[in-house]
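Hi,

Here is the structure I promised to pass on.

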Amino acid sequence: MDARQMKLNSRIFWTVMAGCLAVGSVLPASSFADDTQTQKERTATARSIIEQRRAAMRGDAAGREKVEVRKSSQADLAKGDITFDDLTFDIEKGEVFDEKKLTKELKFLNGRKVRLRGYMLPSTLYKETDIDQFVLVRDNQECCFGPGAALFDCVMIEMQPGRTTDFVPRPVMVEGKFVLDTEKYQYPGGEGPDGASHMAVFRIEGLRVR
């Protein structure tokens, strides 16, 4: 892929993501409507789903058990075998990111080769094959990225030069270099929806996706 094509792909990628963020939630393109009231109702519904999911994870939802936290052992971290639970740190939705809150585990992983399992977020893709950039999220409910989502529930994937992948709806394992990037994914001016300052702070420079 030449430099011009890579630049074009990058522009399309960020344009698509900006569109996703503008509506206050990640929704399929087919759901967009001109009617303002209808859009507000859809946004409210999406936010409700997000809150229900978080309640379920905390064990607050009726009839639901708290989701088991599965952090990797130090030996697994050293090997680069990580989970999304290893990426958590103390930050609330809508809170301005503070680099001082990053855990020692995250600082340990910075710059290391890792393997992380998750889902490719369809709403951030501009094609289904030969993909070189996408968002990896914890689950397939499409509520782990953008306004109202936990900052640590998504990882930006930028495939290394010459490497691409194809979209699949099932979980994938991404292998590559883990990077703490506190600059690249800030909202313009550091001010985003609900007062958040960043859309992401993690990146993996992907070597392969399987």
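A quick definition before anything else: a residue counts as buried under 20% relative accessible area, exposed over 50%, and partly exposed in between, using a 1.4 Å probe and protein chains only. Please keep in mind that this is a predicted model, in which local features need pLDDT of at least 70, side-chain atom pairs count only at pLDDT 80 or more, and totals for chains, interfaces and linings use all residues. Residues are numbered from 1 along each chain as its sequence is written, and side-chain values use heavy atoms, with hydrogens and water left out.

The overall picture

Along the sequence the order is α-α-α-β-α-β-β-β-β-β. The protein has 210 residues, and 45% of them count as buried. Its exposed surface comes to about 11,300 Å², with carbon and sulfur atoms supplying 49% (Shrake-Rupley method, 1.4 Å probe; for residues, only the protein chains shown count as cover). As for contacts, meaning heavy atoms within 4.5 Å, I looked at those between residues at least 6 apart in sequence: 67% of them join residues at least 24 apart.

Salt bridges

How many salt bridges does the structure hold? The total is 10, where a salt bridge is a side-chain nitrogen of Lys or Arg within 4 Å of a carboxyl oxygen of Asp or Glu.

One of them pairs Arg 115 with Asp 81, at 2.7 Å from N to O. Arg 115 sits in strand 2 (residues 113-120) and Asp 81 in strand 1 (residues 81-82), so this pair ties together parts that are 34 residues apart in sequence. Arg 115 is partly exposed at 21% relative accessibility, and Asp 81 is partly exposed too, at 25%.

Another joins the side chains of Glu 175 and Arg 208, at 3.2 Å from N to O. Here the link is between distant parts of the chain, with Glu 175 in strand 5 (residues 172-180) and Arg 208 in strand 6 (residues 202-209), 33 residues apart. Glu 175 is buried, with 7% relative accessibility, whereas Arg 208 is partly exposed at 34%.

There is also a network: Asp 85, Arg 138 and Asp 153 are joined by salt bridges that share partners.

Around Asp 181

Which residue does Asp 181 form a salt bridge with? The partner is Arg 203, and the closest N and O atoms are 2.4 Å apart. Asp 181 lies in the loop between strand 5 and strand 6, and Arg 203 in strand 6, so the pair ties together parts that are 22 residues apart in sequence. Both residues, Asp 181 and Arg 203, are buried, and the relative accessible area of Asp 181 is 13%. A polar atom of the Asp 181 side chain also lies 3.1 Å from the backbone nitrogen of Glu 183. Leaving out residues up to four places away in sequence, Asp 181 touches Ala 200, Val 201 and Arg 203.

Glu 99 belongs to the loop between strand 1 and helix 4 (104-109) and is partly exposed, at 47% relative accessibility.

Cheers

Note on methods. Helix = DSSP H or I, 4+ residues; strand = E, 2+ residues; numbered from the N terminus. Polar contact = N/O pair within 3.5 Å; in protein donor to acceptor, adjacent residues only side chain to side chain.
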